[in-house]
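Reader: Can you walk me through how the two chains meet? Keep it short, please.

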Amino acid sequence: MTAPAARRPTVPSGLRVLARAVWPATDGDALPPIAGFIVSSFNPLVAEVAERCLRERYAAPPAPPARAESTAVVLASVRGDTATATAVADALRAGRRVPPLLFFQSNPNAVLGHITARWGLAGPVVCTSPGGDALADGLAVARLLLADGDATEVLVIAAELADDSDRDGATALLVGPAGPGTAPDEPDEPR
Amino acid sequence: MVTGLAVRSAFGTGAGALLPPALAGTPAFAPVTRFGTAAYRTNVAATMPGAPDLTDELVAAVGAACADATPAAGWAGVPLLLAAHADRRNRTVAAEVAARTGLGAVPRTYTAACVAGSTALADAAGQISRGELDRVVVAAGYLVDPDTFALFDAGRALARDNQARPFSAGRSGLLLGDGVAAVVLESAAAAAGRGAPVRARLAGWGRAGDAYHVCQPRPDGAGLARAIGSALQRAGVLPADVGYVNANGTGTPFSDAAETAALHTVFGPDASSVPVSSTKSVHGHALEASGLLEFALTVLALGAGRLPVNAGYLGPDPNCALAVVVEARAATPRYALSLNAAFGGANTALLVAAP
């Protein structure tokens, strides 16, 4: 399976890419830990690729309130956080208590709470298991949110933990509606 | 337009099993027999008998909702949106549900915890309102399982006294419950074109985030209030037109207080008189399915002309100054809200209009 970071996505018409990031960006790329998240690299992966994308756009947190208020976050992952799920199952099988920290990180919303609190992003929060390509479906959900009017920009994150044949990989795109005369993939402001 | 729906819960199959106990405030909580709970602080949940299978339950609910949406429509190719826990098997489950029901492919399974079902419904409604689709089926399911039960026990989220008591003094947490629901949503033109009776109208929907915390809601409820405001604005409805709120109301002390703050922001002084209950107090917290199950139950209650009773209520809590429905009562509100909130500060509001 190809890691999400390894390819450049096709952006649907009607969307404009404002910033982008991938993980890993280099062969030696490492994931910083996040306080309160344990066992799995899924949440650090999501947080780090989001951080890189938002820094590309805004340099440092928080994002400007006028934009952040209606910036949504979409996390698309076909397999999800398999490492946390396995850790829970293993604990039960062994008759051990489940670590309390796994309570909140067992659903994908939690790490989005970390990102949105840090950057002040107060638009809708959506997580999906796509039936097809994760990034493409994340962008499709972004288009729905923009068309619906509950968001003016959307941070789309596609993330997958490694399976037997690849390594962890993630892509993040900050997208907004394409304006008149704007190419779909053209940043609109200095970073 | 809501032209068909189906519900499955600990009370059994169908609206006829769920609605009467919800209107009476009779909870379904009982000791869990599906798996061992001896190691936990809480040992009850609202579960169906035996060991139901999620795929089978979703297939049955989708079939029943489509059958409810009479007269018969052509279902081949109709988009199906699912909501369920984030799981590596979701793609397989979605493909099987689509194949066995004969509906179209499932583009995605919504996994955004306790707003997954309501988010799927909002996306469906948006696409219909913009004329992108004529008809969508949305289905959601959660079945109480040992892993989730252990996680909620570890997080000290379950009610210590084995009773869900939303908005009540003495509440100590939530209780889990099986929930499976399916809803057929159609454009007004499509429903009228085939002469389909309308159960209710999804008049508005709104979504907003807290930007506050990994797992706790903003204490001032600002995100949920914005979601409600968005739903009302989309529908062109004033807060004063809302006659009932099926609240998120998990029974968690700080969460219910935050929701109360949101309702006071939206309704102002009227917040103390708008009838509010949480049907989680009878069917339990169905997590990813809760938004759709509670929306369906809100539709059913409007149709019945009665308000669901908030079970387990011991008395007022100063942090939850609301008109909690504690006795069975008739009412015919034109509009009702179904609210949900989740980890990560995700909030949704669905505005239901009586047909």
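Author: First, the term. Two residues are in contact if their C-beta atoms, placed from the backbone, lie within 7 Å. This is a predicted model, where local features need pLDDT of at least 70, side-chain atom pairs count only at pLDDT 80 or more, and totals for chains, interfaces and linings use all residues. Residues are numbered from 1 along each chain as its sequence is written, and chains are lettered from A and ligands numbered from 1 in the order in which they are written.

Reader: New topic. Which strand of chain A is joined to S6(B)?

Author: Strand S3 (residues 125-130) of chain A. Three bridges join S3 of chain A to S6(B), and the strands run antiparallel. Strands pair if DSSP finds at least two bridges between them.

Reader: What is the bridge partner of A:Thr128 in S6(B)?

Author: B:Tyr110.

Reader: And the helices? At what angle do H6(A) and H4(B) cross?

Author: At roughly 65°, with the axes of helix H6 (residues 134-148) of chain A and H4(B) coming within 10 Å. Axes are lines fitted to C-alpha atoms, for helices over the stretch in contact, and angles run from 0 to 180 degrees between N-to-C directions.

Reader: Which residues make that contact?

Author: H6(A) uses A:Leu144, A:Ala147 and A:Asp148. H4(B) uses B:Asp123, B:Gly126 and B:Gln127.

Technical notes: Helices (H or I, at least four residues) and strands (E, at least two) are DSSP runs, numbered from the N terminus.
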